[in-house]
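Please look at how the strands pair in this model. The sequence and coordinates come up next.

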Amino acid sequence: GWFITISAVAPGVTTTPGLWTGATSTSWNTGSNWDDGQVPSSSVAVNISSTNTQYSPTVNVNASCASITVASGKTLSVSSSRTLTVGGASDINGTLTGAGTFDANGTFDANTGSITMSGRLKLGSTVSSLGTLSPSTGTVEYDGGTQTVKADAYYNLEIDQSGTKTS
C-alpha cells in the first residue's frame, strides 16, 4: 500500500529549528516546545531566547546539539543522570544549572552568565569565561588537549587528557 504524509504550514509562517519556545512544558524532549515542532538533533544550533518562552528548558534525556545560546534572564537545567553534549560553541548569558552533565566540546563563554551546576561541567576547548561560577557544588572538568584553566574558585576541579594545561 501507499503511505502519504501531508504537512501544512500557514502561508507566510516560518519556523526556526532549534528555537526554544517552551510553549508546553519544561521538557527538552517535547517537540511542541520547539518553534519548528522538532526536538533538536546534533546538527541543530539551539537558541534559548529571551522572547516567547513560557517555560525554561530542562534536559530530561541524553541530548546533543551543534551549538547553544542561553539568553540573559533564561535558565537551562540538566537533570541528574542526563547529559547535554554540545559539539560547537556554548554561549551562556543566562544560568546553567542542574545535577546532570553539560559537555561543551566547542568554545565556552559564560561572560555575563552564571554556572550553578551541582553535576558536571565538561570543557573540551577554549574557555573565554566561566561567568559567575558557584564554588559550593559541582565539578568542572577540563577534558580537551592543550587548554588554559581559568583562575576561579572551584568546588571540584578535574584536569584530563594529554596536552599542556596552563593558568
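## Model

The model is predicted.

## Strand S4 and its partners

Strand S4 spans residues 67-70. Strand S1, residues 45-48, runs parallel to S4, and four bridges join the two. Within this pairing, Ile48 stands opposite Val70 of S4.

S4 also pairs with strand S7, residues 90-92. The sense is again parallel, with three bridges between S4 and S7. Here Thr69 stands opposite Asp91 in S7.

## The two faces of S4

Which residues of S4 lie on the covered face, and which on the uncovered one? Ile68 and Val70 make up the covered face. Ser67 and Thr69 make up the uncovered face. In a regular strand, side chains alternate between the two faces of the sheet.

The bridge partners can be read against these faces.

## The six-stranded sheet

Six strands form an open sheet with parallel pairing. Their order is S3-S6-S9-S12-S15-S17. The edges are strand S3 (63-65) and strand S17 (156-159), each of which pairs on one side only. Neighbouring strands of this sheet are turned by 15 degrees against each other on average, direction ignored.

Strand S12 covers residues 120-123, and strand S15 covers residues 139-142. Four bridges link S12 and S15 in the parallel sense. Lys122 has Glu141 in S15 as its bridge partner.

Notes:
Residues are numbered from 1 along each chain as its sequence is written. This is a predicted model: local features need pLDDT of at least 70, side-chain atom pairs count only at pLDDT 80 or more; totals for chains, interfaces and linings use all residues. Side-chain values use heavy atoms; hydrogens and water are left out. Buried means under 20% relative accessible area, exposed over 50%, partly exposed in between (1.4 Å probe, protein chains only). Two strands pair if DSSP finds at least two bridges between them. Axes are lines fitted to C-alpha atoms, for helices over the stretch in contact, and angles run from 0 to 180 degrees between N-to-C directions.
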